[in-house]
Amino acid sequence: MMYWLQQLQIKRWEFCHKQPWSLVEDAVNKVQFSCTEAEHDFLPPVKTPTDVVGIKAASLPAPQTSVSFQNLSLKHPWIEIQNTVHNLCGSRQNRGDCSGIFNFEETQENFEILAEEEHMEAEPEETVSTEIQENTRMKSRPSFTRKIKKGNGGFSRIAERTGQEKVASFKHQILALTEEVKSQKELVKLLHKALEAAQQEKRESCKYLATTKEKDRLELVRHKVRQIAELNKRVETLEMERKDLEHRLALKEEHIEELQDHVQLLMDKNQAKQQVVLKLTEQLSREMLDSPGEADTIAAETLYKQQEEIEHLKDDLEAYKTQNQFLNSEIHQVTKIWSTVAQREKILLMKCARLQAHNCQMESKYLTMLRKLQGLPDLTSEHMDMMKGLIQEALQWGEKEEAPAQARVTPYLISQYDYYGFMTVPDYEAEDWKLLAKIQALEIKSSHLLNHDALEKPLFERWNNLGELIPSSELKSLLRCGVPVEHRQRVWRWIVSHQVQHIRSPGHYQNLLKQCEIAEHPASRQIELDLPRTLTNNKHFTSSTSQLVPKLRRVLLAFSRQNPTIGYCQGLNRLAAVALLVLEEEENAFWCLVHIVENLMPPDYYSNTLIGSQVDQRVFKDFLSEKLPRLTAHLEQHRIDLGLVTFNWFLVVFVDSLISDILFRVWDAFLYEGTKVIFRYALAIFKYNEDAILRIQDSLEIYQYLRFFTKTIGDSRKLMNIAFSDMNPFPMKLLQNRRGAHRLKLEAELRELEQIKAQFMKEQAEHVVSHVDGAVSEDEEDG
């Protein structure tokens, strides 16, 4: 059986390595396999059998069972056992193997010793016959001589025993004398107390006789009467205590009697059991003496069964050892095959990812070429129609890539929506924008496929090994690189709770909602108008029946109650919507909105005048002129006002401007570090597209390019490196100083505008009055 099992293993191994693996020949050739190692490590190879295989094995007679104990006679068991043992020893000596012989001579001696002990125990019994007693005495002579030796040594111990008895008697006398001394001491104490009482009485009598006035004597008598009354009371209490103690003593005595009765009953039961045990012992000894042949028969049968069971157990043990060796060999070979298959699968997946990334790059290049050809001015109408058809077909390729068979290969397919519900390719009205969005989606997919193993996996492992979140430089660097989707909710929740713990109280959000239900807030109408316009490219907010829409409404209403100076400002709906997409719970999203508006953003950022936002626009222009002077000069040459583009970036933190993957990476760092992250990424966006902007020489084309150029950014790693590496140094203190200087200038300008406005209104009012007066005088003249 072992031979054929090993043959099956060898055939299976050969089959596994003869399969064609042409796709991964370069990787598989490096791995060497050997099936002989497992066989030699766990199970030695079984040689090819010669005479016991096939038809020859079937024609052999059946193996005979052991007949060692078949001719065992019960009439003379000891003689039969001895003969059988001699036969077994002779046969095993002929075969040269004497390791497993059972020593029956020692067994016979052991049976004789047991018989001697049984006869010695049966000596004091009167029912045993005289012949059996003589035999047992002859067999127990050695033990009797030992008893005599023990008796001779007993005389030498008598003197020792008498000395010990004297010491014990002396100790007893010492104990009696010490008890007598204690009683004498107690008697002396009682006599002392009596003497003290007599002396006290004598003093009182002398004092009574020494007094001459009747009043004093009467007072002494009264004092004595009071003492007598107190003593009587004490006597009564002591008498009551004595009766109580006597009652308790009686109860204790009754309990003791019950326990004694119980003990006596147990002793009687024990004695009865001992008598029964003695009777059974006598009966057993009689039966054993009456029928020694039956006892020998039982012993022989037991011995035969035990030896047969031992043989079976030895066979089972050998079988289990062989089976264990074979299974170890099998496990080793299967493990090697499994590791080989896993390695091949990994190599195939990597190659598939590379091919798919290459395919995405080819598709994006094809779409880019179509877009460039579409922009040529000298195309005929036929070529233009053909070009439009090709573009429509290319835009419909995304539907084919959503097939479930391809979804099993890699998770980075272009689906209609991403993890948070944003459209991967937004449905723009302009066909040119839709084509650019499809090109960008293909480029993002290609970069994901190429950089996943090199960049994303190490980052994910660092997040898994981070453990408990605490403010540190390591956490700061991880947040700048971006939080994986699996950890983002937990990280955002920790950041928000860590920053608002000083103002957050349990039940505060629910109280705000109750206030909104009692009285309608003035901002509720504007909130209802902005809800349908929130994140129009996200499936969770496009429908009024979505679960997040009522949550967003409650969050905005609660914030309007929380911060009545702001109430509601356009843009807060998008901030709260992004918080809901990640945090899911509306109370956490509410506190996230509070953290952004009240902790991260400067004051008056969302007020009616938007002073804080205007100040940041001027500060950003200063930083842009310092970091990117060529681009600033180019924009000033064409009179481009960047505030028209960047104002919304700062107000809603790039929501609706960047693709979702980059947007959430920006928010990861923004929630932890603050508004300087917005300045870093705004500068990085212009640095990312600086060359493309410098190539455009027409102001109208620049404005058109700036409307959608943020959507063309697909490499989040490159943008992050520009923001946090190329834009250094960028201290927060410098940002605060620039904000303070520009705020003073802006406030002065606003005051000047207010004065000009007031003067204009005054002049306008005077002009109206003068015009009315002049009209009246003309009428009078006409009249």
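Glutamate 673 and arginine 480 form a salt bridge (a side-chain nitrogen of Lys or Arg within 4 Å of a carboxyl oxygen of Asp or Glu), with the closest N and O atoms 2.8 Å apart. The pair links distant parts of the chain, 193 residues apart: glutamate 673 is in helix 26 (residues 660–673) and arginine 480 in helix 16 (residues 473–481). Helices are DSSP runs (H or I, at least four residues), numbered from the N terminus. This is a predicted model, in which local features need pLDDT of at least 70 and side-chain atom pairs count only at pLDDT 80 or more, while totals for chains, interfaces and linings use all residues. Residues are numbered from 1 along each chain as its sequence is written, and side-chain values use heavy atoms, leaving out hydrogens and water.

- Glutamate 673 has a relative accessible area of 15%, so it is buried (under 20%; exposed is over 50%, partly exposed in between; 1.4 Å probe, protein chains only).
- Arginine 480 is also buried, at 17%.

**Other salt bridges**
- The whole structure holds 21 salt bridges.
- Arginine 739 and aspartate 616 form one of them, with the closest N and O atoms 2.8 Å apart.
- This pair joins helix 31 (residues 732–782) to helix 23 (residues 611–627), 123 residues apart, and both residues are buried.
- Glu239, Arg242 and Glu246 are linked in a salt-bridge network.

**Valine 500**
- Valine 500 lies in helix 17 (residues 485–500) and is buried, at 0% relative accessibility.
- Leaving aside residues up to four places away in sequence, valine 500 touches Trp591, His595 and Asn599 (contact means heavy atoms within 4.5 Å).

Terms used
Helices (H or I, at least four residues) and strands (E, at least two) are DSSP runs, numbered from the N terminus.
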